[in-house]
Amino acid sequence: MSDLTTSRKFGTGPLSRGSALIYTLLIVELLVLLTAVPGLVALVLLDRDASNVPLMAACLLPAGPALSAALYALRHRSGDLAELSPATAFWRGYRLNFGAALKIWVPWLLVLALAGTNLANFAAAGVPGWWGALLIVLAAGGTLWVANALVITSLFAFRAVDVAKLAAYALGRFPAATLANACLLIVAGGVVLVASEAVLALLASVLTATLLWNSRAMITEVRQRFTRP
C-alpha cells in the first residue's frame, strides 16, 4: 500500500484531474472573451434589425481565431494539476492558427451574412418558400462544416483547400459526430434565443470542449490517414 502511495505522482488522481479540467476551461474561457471582446461587445450592442446582419457577421470575425486557439489549448491540455499551462497553449495556438482560422472562418461568415440578409427580407423579396428552406439548410450545413474545419485547422497543418475538403468529407464520414454537432448547434441557438449572445459567449469553452469531444473519430482518422507518422 505504501509503495502504491509513494509511486503515485502528485496531481494525477481523479479529483486533481477534475480540478485541472475546470481550471483549464476557466482560463480558456477568459482568453476567448479577451481575444473576441471587441466584436462581442459590438454584437451585443447592435439592434436586432435586418440591416445589421452584415455588421453582426463582421463582429464575429475575432471569434474564429479565438475558438481555434481554444480548440488547440483544450486538445493539448494536461490532466496533471502540477503541469497546467492552458494560457501558454492558448497563445501558442492563437499565433499558429490565426491566419489559417480566418481563411475558413471568413467564407463561412460571408455565407451566413448572405443567408441571414435574405431570410430577414424574405417577405419583401417575394421569392418562393422553398428558397427560404434552402437558405436555412445552407446556413446550418455551413455551420456544421466550419465546426469540422476549425477543429482540423486548429490541430493540423493543411492548406485551406485541403481543410475545406476534409471538413466536407467528415460530415458524411462521421454521421454520429455530425448529429452531435447539430445538437450542439441547436443548443447554442436556443441559448441565444432564450438569453443572449453574451450568455453564449460565457459558455464558449464548454461548447468548444464538447465540439472537440464530438470530433474524436475525425481527429483520429485525419491523423492516421492524412498525416505522416
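## The second largest pocket

L21, L25, L74, R75, R77, A209, L212, W213 and R216 line the second largest pocket of this predicted model, where a pocket is an open set of points on a 1 Å grid over the protein atoms alone, fitting a 1.4 Å probe, with protein on both sides within 12 Å along at least five of seven lines, and lining residues have an atom within 4 Å of a point. Helix 2, helix 4 and helix 11 each give two or more residues to this lining, and helix 11 provides the largest share, three residues; helices here are DSSP runs (H or I, at least four residues) numbered from the N terminus.

By type, the lining of the second largest pocket holds six nonpolar residues, no polar ones and three charged ones, with Ala, Val, Leu, Ile, Met, Phe, Trp, Tyr, Cys and Pro counted as nonpolar, Asp, Glu, Lys and Arg as charged, and the others, Gly among them, as polar. The space in this pocket is about 180 Å³, a volume being the space filled by probe spheres set on grid points that are joined across faces, edges and corners.

## The largest pocket

The largest pocket contains about 1,600 Å³ of space and is lined by 42 residues, with L60, W108, L112, L185 and L200 lying nearest its centre. Helix 7 (129–155) is among the helices that supply at least two residues of this lining, and helix 7 gives the most, eight residues. The lining of the largest pocket comprises 35 nonpolar, five polar and two charged residues.

## Basis of the values

Residues are numbered from 1 along each chain as its sequence is written, and side-chain values use heavy atoms, leaving out hydrogens and water. Because the model is predicted, local features need pLDDT of at least 70 and side-chain atom pairs count only at pLDDT 80 or more, whereas totals for chains, interfaces and linings use all residues.
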